[in-house]
Amino acid sequence: MPPIFEYFVVCGIGPEIRNIDGIKGYHGPGCMYTPSLLDQYPPPTHTLYPPPPPQLPTCVLPAGVAFHASGFDSNDPSTFPRSYPMVLTEGDGSKIYVSCISFRDPVCEDIAEAYRIQANSYADKCICLVSRLPSFRLLRSALEEIFALCFSPNGTSKPLWDVIAHMVSNVPLPTPGKERVLFAIENCLLSAEAPPTDGLPHADISFQPLVQCLDVDNLIQLFTAVLLERRILLRANKYSLLTLASEAICHLIYPFRWQHVYIPSLFFKGVDYIDAPTPYMMGLHSCVDTSAQVMDGVVVVDLDYNRITTSEEIPPIPEPEYSFLRGEIIKLLYPNVIGIDELKAGIYSVSEHYTKFAAKQWGADHDLQLRMIFLKFFATLLSGYRNFLENSSTQVFNTQAFLKKRSRATNQPPEPMIAQFLDSHGFLDYLERGVGSDENNNNLLDKLQDAIGRGQNPMSILPSPLVEPEILTISDFDAGMSGSGANYTYDRFPAISRTEEEEENRRDILSAVSNAYEYSGRHTPSKDLLADGLSPLERAAERDRMVLDIKVKLQGLWLRLLKLGATDDPLASFEYGTILALIESDAEGIGGSGFVECISEHIHSGWSCQLTEEQFIAVKELLKTAINRATARNDLPTIRDALEVSSDMYKKDNNNVPDYVQRHLISLSIWDELRFWEGYFDYLMEQSSNKSANYASLVTAQLVVLASHMAGLGLPDNDAWYMIETIAERNSIGSKQFIKIRGFLSHIQQLRNGYWGVTSFKAQSMSSLALPSPHSKDSKDDGQQPAEGTGVGRSWVQSMFTRNTSSRSSFSRKWTSDGGNSAAQENGTPRKHDLSTGGQKKLQTNVRILRGHNGAITALHCVTKREVWDLVGDREDAGFFISGSTDCSVKIWDPSLRGSELRATLKGHTRTIRAINSDRGKVVSGSDDQSVLVWDKQTTQLLEELKGHDGPVSCVRMLSGERVLTSSYDGTVKMWDVRTDRCVATVGRCSSAVLCMEYDDNVGLLAAAGRDVVASIWDIRASRQMHKLSGHTQWIRSIRMVGDTVITGSDDWTARLWSVSRGICDAVLACHAGPILCVEYSALDRGIITGSTDGLLRFWENDEGGIRCAKNVTIHNAAILSINAGEHWLGIGAADNSMSLFHRPQERLGGFSGTGSKMAGWQVYRTPQKTVAMVRCIASDLERKRICSGGRNGLLRLWDATINI
């Protein structure tokens, strides 16, 4: 059974002290400091438990850590320990419940000595119990008992951490409604119990604080704001009040759930979060100043003064529901006032329903009644709502019909509050969870509506305990004292036993700090330390102090530099000038190395590394200066560190492509020196944590890192390979490792050229992805397009062992058509052919350039016969191409009109177009502006604007019945009704951006995947998620679903074959040397085709022993962007503007059940002459043998193969 307590955690001041602005060092008692995680059980080395949330220390000590001159004083309430609950929300919406006790604890002697903190000082410390069970009272009781045991004058019979370990490890999570767990902490008996799951959700809190802080009208106004999903900020001077009020209001909106950001107690430095534009519910201590925040539209709830303020009107709850809700709450809160005129006895006496609460203190019965009042409110407000569910399987709710019915019943116009509520995420989520059809029939709202309709007592819907819960007793552990009677007393909260490695690390940190502070007088150091007559030890200490001072200054300057606005000139700023002066005027290099070090520390602290255009210019110039100064001093470590941080920092160009600082450092001469790369390699070998690995594998891994940086800088391929080859030879690795390294370098060069193209001059700053590894997260940008070959193709396999450097520049890759005399063997080995030779088949192709867009082409779609139901060939729009661009326009092209192909231009989006689809009469497009637009294909008029996504739209799909399916970077897949301009349902929800989706309209199955590396399958008609297909380790870029089979292609260089019915992976296809961007299914022979950034096409077929690769084709130099398979034809497009058309001759068809290779029947039929361009998207029309590519230059290239069959 899982434990009820996940962690016991201690947070406070650790050996590395930083203030809340991130600046290292101790800055006096008047400063607040960032808390650290000091101790935990289970320990971090325990592999069975995930680590505690990284934000835990900051959340449990929201104000930070303060230093004090004294500890607990019974006469000073400000020194008293404080106990309060916290709630943390994880990325998937699940909650973590934390009970905290903060108190003043003596500062550890070694820390005080190292940082020169006044003796006998105290600092804030917090102990926490972490659980997934919302049992606030149990968590508080257990934690307070641990705290009392620690500081009891009588001590404890066992070591405190042994008591904690026994409690965390042995107390199980009780089965809801069936078990009660009894356990003891020393001599205190505690019990843990969870109520049945078929009643109201477990709420182990009192609702009294909420109703005491707010009067009835303000409580209802807050309730309404939560229902309408406004931005809500709770203010109070106690952490407990913020958490309890937030949890209480979330329980009062049951059966609906809060769907947005939820931070009941916001840490003080996160005050900027309240300017977020999206709905949220946050709590903030009253002492935090918010005068600098905009607060426009924020509902501020002051719990201390019973006050609600907002700049936007909150629509009121309509009558008669408002009067009912208000009256019922008043009856509960003030029963004596309500019944003051009633008779006390006799047949006319007032009902006992509320008088029984008149003389009672607030308790669990009051909490239950309050929750039932709000549930009855929903039952009344949504009376008969089930009659307006148009499709019982997908829970499509007819909002307009419901509002009209209510308007007729109340004889009032439609109320804005109800209309907004029915449009909220909470209501849609309620419908998506399967209203009225759960397995346990546990929909209390429906039950209550039925009970009210039958005239039954509303309380009858709640489960009654049929049997007493089973008692599980956890026995105390034997500490092995053998009656010794030993007691353990503590003057502070003890630290857990540390390992030798942890102790050594702690000593090293404090020793470095101590040396820097050894002579920490605040006088200005002399320029000539020898002239002061200081001893060598004193001079070393003085230098350490100076180093620390410079680094502290640099950290502050760096953080301020990143806060400069868009209108500020960073090169003219005080921060830039001061950093530059520290770098240039320092002969010992402290300024340069310190600047690089503070950037590195900022990156490791979680910084996203994205810079504005102005910041990018400043950082680039400062790094160049630091590297030049380090080169003059032969300071290789600083150069190495600068190279590494430059590969992380980037800006976004006009096409939203990351431009890394690293590629702008190519002009520096140090990169041409072999000695630098040899020194860098030696450093990587020394720092390797996997020294037990095979030596050749270890060398290969470090050389791959070197190759990444060389490509990131833009070193010419020949120069980079020469230096890598030299280092590899000296370390005597084998031929397999040579092939792997050379393949990676060639691949990474192709990726780099795909961003920025090829230049033959180093001074022109060749581009880079600046990837630290082949799976770098930064390379996963949707704008990433590998491009045409670098001049070094796959011929490196034959030539890599040559030692003649002059011959390396002659390696080139010549590709041609596979028709007639094949240019690519079935095993993928290129042959050298010349298209002009007599033996080569003459290609009758026609390539047209279509002009019209003013920006890069980002979306391209071909209108197929199936889309427009062209059964007899009378639809003129079959074969149209539709393109979208960064110029925010959509254009329709008719290839049959030579010279005037542009049919229409559709304008309406405000940002880049990402997805296009169409049907018989409409065109639909999705954009980065988070909207979906629907146009009439004939009149080109804008019909509908569908808004509801909170991120860029990644995919669109027109369905039958005037429906549109869309996916977005907000992680949702939505279905829209074009006729009503409304989202009828969120049919799928992922934890991160959706990059690809497939929908089978015949069976109602939806498959979607993306950045959360999971492929999800939903049965939309049954309104349920069928499977989460886990296995990939990087983003999933492509997905295909055919019958019971799903195929996915991922950035982890693999494709996977899944069974929809069984939800398991049937095969992993792992023979590519780069991310797989497209996958296709060949229906006739049940084969699979995959295309990757390595430029390879691989044909896979089902064999008796599984799936095998039947054929490789290597006619493309760059990433395969599109694969479109028909019955006899196959269209391919690549990022270097190359295209190919494959044909499977008729004589090879039939008899597929026999033995032999079936997928090998595909042969390259024709390829057009390639022109230089960077291509972002491809579309194929196999029925007319046309392939169209869209380039970053805004041009469309249409190839008409004109094949005679």
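1. Let's begin with a crossing of two helices. The axes of helix α11 (residues 364-381) and helix α15 (residues 444-453) come within 9 Å and cross at roughly 75 degrees. That makes α11 roughly perpendicular to α15, the label for angles of 65 to 115 degrees, while under 35 counts as roughly parallel, over 145 as roughly antiparallel and the rest as oblique. Axes here are lines fitted to C-alpha atoms, for helices over the stretch in contact, with angles running from 0 to 180 degrees between N-to-C directions. Helices (H or I, at least four residues) and strands (E, at least two) are DSSP runs, numbered from the N terminus.

2. A word on provenance: this is a predicted model, in which local features need pLDDT of at least 70 and side-chain atom pairs count only at pLDDT 80 or more, whereas totals for chains, interfaces and linings use all residues. Residues are numbered from 1 along each chain as its sequence is written, and side-chain values use heavy atoms, leaving out hydrogens and water.

3. Which residues make the contact between α11 and α15? From α11 come M372, L375, K376, F378 and A379, and from α15 come L444, L445, L448, Q449 and I452; contact means heavy atoms within 4.5 Å. By class, eight of these residues are nonpolar, one is polar and one is charged. The classes are nonpolar for Ala, Val, Leu, Ile, Met, Phe, Trp, Tyr, Cys and Pro, charged for Asp, Glu, Lys and Arg, and polar for the others, Gly among them.

4. Helix α11 also packs against helix α8 (residues 321-333), with axes that come within 10 Å and cross at roughly 170 degrees. The two are therefore roughly antiparallel to each other. On the α8 side, E321, F324, L325, E328, I329 and L332 take part, meeting H366, Q369, L370, I373, F374, K376, F377, T380 and L381 of α11. This contact has nine nonpolar, three polar and three charged residues.

5. Is α11 mostly covered or mostly open? It is mostly covered, with 14 of its 18 residues buried, where buried means under 20% relative accessible area, exposed over 50% and partly exposed in between (1.4 Å probe, protein chains only). Its length checks out too: at 1.5 Å a residue the 18 residues should span 26 Å, and the end C-alpha atoms are 26 Å apart, which agrees. The expected span is 1.5 Å times one less than the number of residues.

6. Another pair to look at is helix α21 (residues 636-646) with helix α22 (residues 674-687), packed at about 80 degrees with axes 10 Å apart. That makes α21 roughly perpendicular to α22. In this contact, L636, I639, R640, L643 and E644 of α21 meet R675, F676, W677, Y680 and Y683 of α22. Seven of the residues are nonpolar, none polar and three charged.

7. On the strand side, β20, β21, β22 and β23 form an open antiparallel sheet in that order. Its edge strands are β20 (857-862) and β23 (902-907), each pairing on one side only. Strands pair if DSSP finds at least two bridges between them; β21 (residues 881-885) and β22 (residues 889-893) have four.

8. Finally, E725 in helix α24 (residues 717-730) is buried, with a relative accessible area of 3%. Across the protein chain, buried residues make up 55% of the 1205 residues.
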